[in-house]
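Me: Could you walk me through this model? I'd like to go piece by piece and keep asking as we go.

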Amino acid sequence: MMMGDAGPLKFGTARVAAATALVLAAAFFPAASAMELEGLKLPEKIVLREGGPQLVLNGAGVRHKLMTVKVYVGALYLAARTNDARRILSDPGPKRVSMHVLIDELTAKELIASLNDAIAANHIPAEIALIETRLREVNRMMSTIGVLKRGAVVYIDFLPGTGTRITVDGEEKRIVPGEDFFRALLRIWIGAKPVDGRLRDALLGGGARRIF
């Protein structure tokens, strides 16, 4: 009879211990939350299309002009976090670069000039020649936007097997074929001569890193 009573007691004790362990785990290992930067909440995890793999926020920072003017918040999403720029550039998996405009007005002309200058700085002429036609198409598309106002959001996604998808304020603008094209765009932010060194460091997660 005593043995029969002991079973439920031990079972109840085990349940209490398990519940206590869960509470302690929650306290010491809180769930991942969004990063907040310049008043923006950047999700920790995203998917680029329905049924696709989950990407995680690798890093985020502010693109500055003339050192002090805050132009946009840039964020980089990858399948797995890394601070190795070469590894990111060679990885054929899905990725996203997002730009959240902070400045009152960002003209398409300014954005195109900035991106093209960074591409020219990170590639030799022979490399640029391979993507030149596609780059001109993107430049023409961006010029039709005119002006991006504060709060505008641009997504540049790489979808394996599809190409580079450019979305502006929720509207898909263009899909550009070729992994090489997205890699060239990615060098704008994490290449050897990025558009903003501080932003590159932030996209790579900060701290110790390998950069070329």
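**A histidine in a strand**

Reply: His 100 has its place in strand β6 (residues 95-101), where strands (E, at least two residues) and helices (H or I, at least four) are DSSP runs numbered from the N terminus. This is a predicted model, in which local features need pLDDT of at least 70 and side-chain atom pairs count only at pLDDT 80 or more, while totals for chains, interfaces and linings use all residues. Residues are numbered from 1 along each chain as its sequence is written, and side-chain values use heavy atoms, with hydrogens and water left out.

Me: Is His 100 buried or exposed?

Reply: His 100 is buried, since its relative accessible area is 13%; buried means under 20%, exposed over 50% and partly exposed in between, using a 1.4 Å probe and protein chains only.

Me: And what does His 100 touch?

Reply: Leaving aside residues up to four places away in sequence, His 100 touches Leu 40, Leu 42, Val 71, Tyr 72, Val 73, Ala 152 and Val 153, where contact means heavy atoms within 4.5 Å.

Me: OK, switching to strand β4, how many of its residues are buried?

Reply: In strand β4 (residues 54-65), 10 of the 12 residues are buried, so the strand is largely enclosed by the rest of the structure.

Me: Which way do β4 and β5 run, and how many bridges join them?

Reply: β4 and strand β5 (residues 69-78) run antiparallel and are joined by 9 bridges, and two strands are said to pair if DSSP finds at least two bridges between them. Within that pairing, Ala 60 stands opposite Ala 75 in β5. On the other pairing, strand β3 (residues 45-47) meets β4 in the antiparallel sense over 3 bridges, with Ile 46 opposite Leu 55 in β4.

Me: What about the turns?

Reply: The hairpin of β3 and β4 has 6 residues between the strands, and Gly 51 there takes a positive phi near 85°. The hairpin of β4 and β5 has 3 residues between its strands, and Leu 66 in that turn also has a positive phi, of about 55°. Leu 66 counts as exposed because its relative accessibility is 71%.

Me: Where else is there a positive phi in a residue other than glycine?

Reply: Glu 38 is one of them, with phi near 50°. Glu 38 sits in the loop between β1 (35-37) and β2 (40-42), and with 38% relative accessibility it counts as partly exposed.

Me: How many cavities turn up?

Reply: A search of the whole structure finds 2 cavities of 30 Å³ or more. A cavity here is a set of points, on a 1 Å grid over the protein atoms alone, where a 1.4 Å probe fits but cannot get out, and lining residues have an atom within 4 Å of a point. Grid points are joined across faces, edges and corners, and a volume is the space filled by probe spheres set on the points.

Me: What lines the largest cavity?

Reply: The largest cavity, with a volume of about 150 Å³, is lined by 19 residues, of which Leu 111, Leu 115, Val 138, Met 142 and Ile 156 lie nearest its centre. The largest share of that lining, 6 residues, comes from α3. By class the lining has 17 nonpolar, 2 polar and no charged residues, where Ala, Val, Leu, Ile, Met, Phe, Trp, Tyr, Cys and Pro count as nonpolar, Asp, Glu, Lys and Arg as charged, and the others, Gly among them, as polar.

Me: And the second largest cavity, how do its lining residues divide?

Reply: The lining of the second largest cavity divides into 6 nonpolar, no polar and 4 charged residues, and α5 gives the most to it, with 4 residues.

Methods
On a 1 Å grid over the protein atoms alone, a cavity is a set of points where a 1.4 Å probe fits but cannot get out, and a pocket is an open set with protein on both sides within 12 Å along at least five of seven lines; lining residues have an atom within 4 Å of a point.
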